[in-house]
Amino acid sequence: MHKVTLIPGDGIGPEVTTAALRVVAATGAEIDWETMEAGADVMTKYGTPVPDEVINSIARNGVALKGPITTPVASGFASANVMLRKRLNLYANVRAARTLPGVRSRYDNVDLVVVRENSEDLYSGLEHIVVPGVVESLKIITETACMRIGRYAFAFARKFGRKKVTAVHKANIMKLADGLFLECIRRCAREFPEITYDEMIVDNTCMQLVMRPEQFDVMVMENLYGDIVSDLCSGLVGGLGLTASANIGEGGIAVFEAVHGSAPDIAGRNVANPVALILSAALMLHHIDEHAAAEQVHKAVLSVLADGSQVTADLGGTAKTTEITDAIISRMG
Ligand code: NAI
């Protein structure tokens, strides 16, 4: 029996989490879910969107499946997502984008992985008003975090038989901060001579991704670029409703979640696409060595997408969240 922390989140979180739990249960994998609340609802009660018991639960269990959590824009509390990543030192965010058979998208040959540094950069939350009308927001880049993410990206490429790592940067403008990032990634590249290494400036990267996405394999970048570029990559393969991700920390702690947010515009209507979280749950099953269950989920999802008759509105279908979930379960054999 595996003990796994479950954070349903808010917005569409509870709907897609319920779907993922049903699919995981159908595999027969024995999981004891420890459900924890985080986000706006617990804020009033505990004064923080991420109470200590959530952190302790994930640290104890070593693995979590998490639904999206809303972060108020401009004012209100700090991001629960950033807080979780910081407190658990989840330094690597891994987001794969691969063409899915049956899913309409502009390309049929995308197969890339974005490795995003998750712990620093402009997400350090260090902002202040210098004088009214002037704000300073600090971009923090450290050698330690750059070496850590660089080694993670190359080790990931080696482990999964990938051929190339591209460092994405803006060192032409941020000569010190992104210069340090590049210098570190170059050092990491020398430790993995069998992996091809190249570099690309982030704005050109966006254009290249849209024009010729097949040239990319593993991409490594700082936090802000990774946040933006990985959503672009989701768009290349059919949208946010399909992209899974893993947040990896030191000592092997891992939090699996969809790339998308809480989608308040469609919350509570049973129309959200649960596939991204279901595929995140499949990654989680691999992580806890339930490989057969993970493959079963993955195959069933691919089969439902390829068939196309029971997909949600974001993929051009009419199926409800519960209906696509039923379809996936019915194909698990
Ligand atoms: P979003 O990802 O929630 O939504 C963007 C667009 O994609 C919306 O039109 C939405 O309806 C659609 N969409 C997203 N997921 C979908 C799904 N599974 N099925 C069908 N359509 C889907 O991004 P947005 O609107 O920028 O953020 C909303 C809230 O989510 C914000 O408070 C943000 O901070 C939070 N957020 C949380 C994340 C997390 O918990 N990891 C990640 C990203 C955003």
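Val301 has a relative accessibility of 1%, so it counts as buried. Keep in mind that this is a predicted model. Val301 belongs to helix α10, which runs over residues 291-307.

What lies across from Val301? Take Ile329 to begin with. Val301 and Ile329 are 28 residues apart along the chain, and their C-alpha atoms are separated by 8.8 Å. Now Met332. Met332 and Val301 are 31 residues apart in sequence, with 8.9 Å from C-alpha to C-alpha. Met332 sits in the segment after α11, the helix of residues 321-330. Is Met332 buried or exposed? Its relative accessibility is 7%, so Met332 is buried. The cut-off for that word is under 20%.

Next, the rings. How many aromatic pairs does a search of the whole structure find? Five. One of them joins Phe154 and Phe192, and this pair is stacked. The centres are 5.5 Å apart, with 20 degrees between the planes.

Now a tilted pair. The ring centres of Phe156 and Phe160 lie 4.7 Å apart, and their planes meet at 45 degrees.

Arg116 lies over the face of Tyr123. The distance to the ring centre is 5.4 Å.

On to the ligand. How many residues surround it? The answer is 21, and the closest are Ile69, Thr71, Gly261, Ala263 and Asn273. By type, the shell divides into nine nonpolar, eight polar and four charged residues.

An N or O atom in the side chain of Glu257 is 3.0 Å from a nitrogen atom of the ligand. His260 places a polar side-chain atom 3.3 Å from a ligand nitrogen. Gly261 uses its backbone: a polar atom there is 2.7 Å from an oxygen atom of the ligand. How much of the ligand does the protein bury? Taken alone, the ligand exposes 810 Å², and the protein buries 69% of that.

Stay with Ala263, which is among the closest residues to the ligand. Ala263 is not a glycine, yet its phi is positive, at about 40 degrees. Ala263 is found in the loop between β12 (254-258) and α9 (275-287).

Asn89 is another non-glycine with a positive phi, about 55 degrees. Where is Asn89? In the loop between α4 (80-87) and β4 (92-98). Asn89 has 29% relative accessibility, so it counts as partly exposed.

To recap: Val301 is buried in the model, Phe154 and Phe192 are stacked, and Glu257, by its side chain, is 3.0 Å from a ligand nitrogen. Over to you for questions.

How values were computed:
Residues numbered from 1 in each chain as written. Predicted model: local features only at pLDDT ≥ 70, side-chain atom pairs only at ≥ 80, totals over all residues. Heavy atoms only, no water. Phe/Tyr/Trp six-rings, centres within 6.5 Å; stacked < 30°, edge-to-face > 60°. Lys NZ or Arg CZ within 6 Å of the ring centre and 35° of its normal. Near = heavy atom within 4 Å. Polar contact = N/O pair within 3.5 Å; in protein donor to acceptor, adjacent residues only side chain to side chain. Areas by Shrake-Rupley, 256 points an atom, 1.4 Å probe, with all protein chains shown as cover. Nonpolar A, V, L, I, M, F, W, Y, C, P; charged D, E, K, R; others polar. Helix = DSSP H or I, 4+ residues; strand = E, 2+ residues; numbered from the N terminus. Buried < 20%, exposed > 50% of the residue type's maximum accessible area, 1.4 Å probe, protein only.
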